[in-house]
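Please open the structure in your viewer and keep the selection tool at hand. The tour below moves from one selection to the next and says what is there.

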Amino acid sequence: MMVVPGSSNGALAYRVARSAGVRLAKVDYRRFPDGEKYVRILDDVKGEEVVLVQSAAFSPDEYLMEAFLAMDALRDLGAKGLTVVLSYFPYARQDERFKPGEAVSLATVSKLIKSAGADRLVTIDVHRHRVLDMRSVVGIPYVDSSAMPFLARYAIEYGLVEKERVVVIGPDAEAEQWAALAAREIGAEHSSLVKTRLGDRDVKVRINGNVEVRGRDVLLVDDIISTGGTIREAARLLMELGARKIVVGATHALLVEGALAKILEEGVEEVFSSDTIPNPTSRVSAAPAVVSGMRSLGLIG
Ligand code: R5P
């Protein structure tokens, strides 16, 4: 087996290869002068089981196109099997037609992945708020693995929160699933808030009635931090409710438009994230989550 790195996140590809105990292939990525992408697989992949690791954040079109070129080339060069790891799956938030005429980008990207030759797909904490059965959308063997247990363990092991006082909270109903995964890992309680989205950047958050945070350490978790609006509002509310301290753990920290400063201004002590998207708060590798996804698909023992 061989891990083929995309150009978006070579460090994660390297960590996945190391955790899985397999080779990392060499690939040449560059751009033609007109901006088109060039991909050349430098290793012999004939008869190999290959795992392409790509993270399509910030320049989703570029990284997806690059992945499609690599996938098609890998198949054409005789790879025996092709697993695609999209550690950050872009276009997932448009998972239904909210207004007449809209493209449902989650479905479109899924179809393209399948038709470019992928046999299997691994994602990490994919944003699937309204889609309950991602497998039927993806159409090939698929697993969504979670970085949440690793984030939660980090918060305890590095003393960011005290095990006896911690409560894990998701900022909205959808984040309850991630709060539950994180809480289970560290034997803590969990809950979630109620969020109303007012626009791309503005949200309103309220308590859902069963969260007791006074004097507690709060581990606030979410799949994505984009503008930071969600976490900022959640942190403000939790502070008002008497939290002793708040630390924030997210799988995908996009951190656009000054998100980090916005969150820290609310008194949050620490923001940490996984390396699905390399960023200044990446402290926890998602590689073990990727490897566990590969294992669930039967790729490794
Ligand atoms: C959406 O509901 C997600 O789970 C995140 O809460 C959201 O993407 C965060 O976006 P922002 O940081 O811009 O509030």
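Begin by selecting Thr230 together with the ligand: a polar side-chain atom of this threonine lies 2.6 Å from an oxygen atom of the ligand, a polar contact being a pair of N or O atoms within 3.5 Å. The model is a predicted one, in which local features need pLDDT of at least 70 and side-chain atom pairs count only at pLDDT 80 or more, while totals for chains, interfaces and linings use all residues. Residues are numbered from 1 along each chain as its sequence is written, and side-chain values use heavy atoms, with hydrogens and water left out.

Next, select Thr227, where a polar side-chain atom is 2.6 Å from a ligand oxygen atom, and then Ser226, where a polar backbone atom is 2.8 Å from an oxygen atom of the ligand.

Now widen the selection to the 15 residues that surround the ligand, among the closest of which are Asp222 and Asp223; a residue belongs here if one of its heavy atoms lies within 4 Å of the ligand. Coloured by class, this shell shows two nonpolar, seven polar and six charged residues, where Asp, Glu, Lys and Arg count as charged, Ala, Val, Leu, Ile, Met, Phe, Trp, Tyr, Cys and Pro as nonpolar, and the others, Gly among them, as polar.

Finally, colour by domain, using bounds from an automatic or database domain assignment: at least three residues of the shell come from domain 1 (2-146 + 286-296), and at least three from domain 2 (148-283).

Note on methods
Polar contact = N/O pair within 3.5 Å; in protein donor to acceptor, adjacent residues only side chain to side chain.
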